[in-house]
Amino acid sequence: MVILITFLLLFVSLGNAAPASRDRTTTATPVVSNEQVHDWLHLWQRRLRLEDWKIDVKIVRIWDLEQGTLGHIDWSIPHKTATIKVLNPADYELPKDRIPTDMELSIVHELVHLHLSALPLNKASRNAEEQVVSMIADALVSLEHQPPTE
């Protein structure tokens with residue numbers, strides 16, 4: 001009888017527990033805020049001379065991105081509009097102190113892709129394009145975060 005009551009109490013307590021959710025939010029201060037990603041977008045959009053584009057940036061969960069990527073951009077050349085998606089800090093596997101720079105790098109990376117969007121898309125050269133975009137974005141962000149020389 002004691003075992004039956006124990007199982008019954010356990011079952012009731014599990015039923016009252018909050019359901020697991022992929023959309024669960026925490027009250028902790030985010031590593032990177034929406035305001036910060038928008039600030040990076042506007043900074044780099046100006047530096048890369050893309051002010052004539054209407055670009056939005058969104059922090060998204062890992063399941064909203066293509067597997068193995070940290071960001072993505074969708075664009076419309078005729079309308080000069082684009083949406084950049086960057087990985088939510090909650091889904092990063094980097095130390096927290098490295099996440100902001102990596103998110104900024106993702107934004108710059110996607111903006112460099114936007115510059116190349118005028119070129120014909122070729123599946124055969126996709127890997128080469130990705131390497132070039134990564135090197136350019138990395139160089140730009142590295143320069144930004146270099147300590148000033150005196």
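Helices α3 and α4 are oblique to each other, a term for angles that are not under 35 degrees (roughly parallel), over 145 (roughly antiparallel) or 65 to 115 (roughly perpendicular). Their axes, which are lines fitted to C-alpha atoms over the stretch in contact, with angles from 0 to 180 degrees between N-to-C directions, come within 8 Å and cross at roughly 130°. On the α3 side, the contact (heavy atoms within 4.5 Å) includes T101, L105 and V108, and on the α4 side it includes R126, V133 and L140.

## Basis of the description

This is a predicted model, in which local features need pLDDT of at least 70 and side-chain atom pairs count only at pLDDT 80 or more, while totals for chains, interfaces and linings use all residues. Residues are numbered from 1 along each chain as its sequence is written, and side-chain values use heavy atoms, without hydrogens and water.

## The nonpolar core

The largest nonpolar core has 29 residues, and V37, I55, I84, M103, I107, L111 and L114 touch the most other members. Such a core is a set of buried Ala, Val, Leu, Ile, Met, Phe, Trp, Tyr and Cys residues joined through side-chain atoms within 4.5 Å; buried means under 20% relative accessible area, exposed over 50% and partly exposed in between, with a 1.4 Å probe and protein chains only. The largest share of this core, seven residues, comes from α3.

Beyond its neighbours within four places in sequence, I107 is in contact with V37, W40, L41, V57, I84 and V86.

## Residues with positive phi

R49 is not a glycine, yet its phi is positive, near 55°. R49 is exposed, at a relative accessible area of 68%.

Technical notes: Helices (H or I, at least four residues) and strands (E, at least two) are DSSP runs, numbered from the N terminus.
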